[in-house]
Amino acid sequence: MSGIEFRARVRLGDFNLDAGFTAAEGVTGLFGPSGSGKSTILRLIAGLIRPDWGRIVLGDRIVYDSAAGIDVPPHKRRVGFVFQDGLLFPHLSVRRNLLYGPWVRRMGRPAALARTVEILDLARLLDRAPRTLSGGERQRVAIGRALLSDPAVLLMDEPVTAIDQERRAEILPYLELLTRESPRPLLYVSHAIAEIERLTGDIVLLKDGRVVEP
């Protein structure tokens, strides 16, 4: 399998997640009400939360298996994570934010950088500081940085929710182009069903920490 295999249980305070699904290459949407477990699943996949039990496979790599005692640390899972607010390094320029990933620095892949800059229309922003960017521009840079980390999978946790409606309409076409070109599995979380339907091929519906049928 070249996608994602996820099965995990975890208790976080009063919340219990017990969910499983598979996702192929391309974009899969995680959809459900607030508190249904969408962001928790992304954090479990990234290794930011440890399951009480489960098995998580990314491509051909098992990154977590409670029965086998496997728990690959987050920095070795090759996961690109885009959060709601971008989380750019404020002291670095856009260019240096994009080049922060060790894969880019080590491998020196100018073609990858050039294509990412082209897809996300970042050329005119490269020498600017994050504080001078709009919300939509910051998110495009954050997405570019995640891509350039050479991830096995991309995780996007409501990447346009914190952006106003005008900027959201501006960034969605970039996301559409990205999702068409990306050969890797991408899990996309959103509360907006229209956004999910526009960007994704398959949808995993969640409620109260469980996967539910459509």
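Predicted model: local features only at pLDDT ≥ 70, side-chain atom pairs only at ≥ 80, totals over all residues.

Tutor: Residues are numbered from 1 along each chain as its sequence is written, and side-chain values use heavy atoms, with hydrogens and water left out.

Student: Why is T40 called buried?
Tutor: T40 has a relative accessible area of 14%. Buried means under 20%, exposed over 50% and partly exposed in between (1.4 Å probe, protein chains only), so T40 is buried.

Student: What is T40 in contact with, leaving aside its neighbours within four places in sequence?
Tutor: Contact means heavy atoms within 4.5 Å, and on that count T40 is in contact with V10, L12, F15, L17 and I49.

Student: What makes D71 and R77 a salt bridge?
Tutor: The term asks for a side-chain nitrogen of Lys or Arg within 4 Å of a carboxyl oxygen of Asp or Glu. For D71 and R77 the N to O value is 3.0 Å, so the pair qualifies.

Student: How do you know which of the two is buried and which is partly exposed?
Tutor: R77 is at 2% relative accessibility, so R77 counts as buried. D71 has 36%, so D71 is partly exposed.

Student: And what about R115 and E118?
Tutor: They form a salt bridge too, with the closest N and O atoms 2.9 Å apart. R115, at 31%, counts as partly exposed, while E118, at 54%, counts as exposed.
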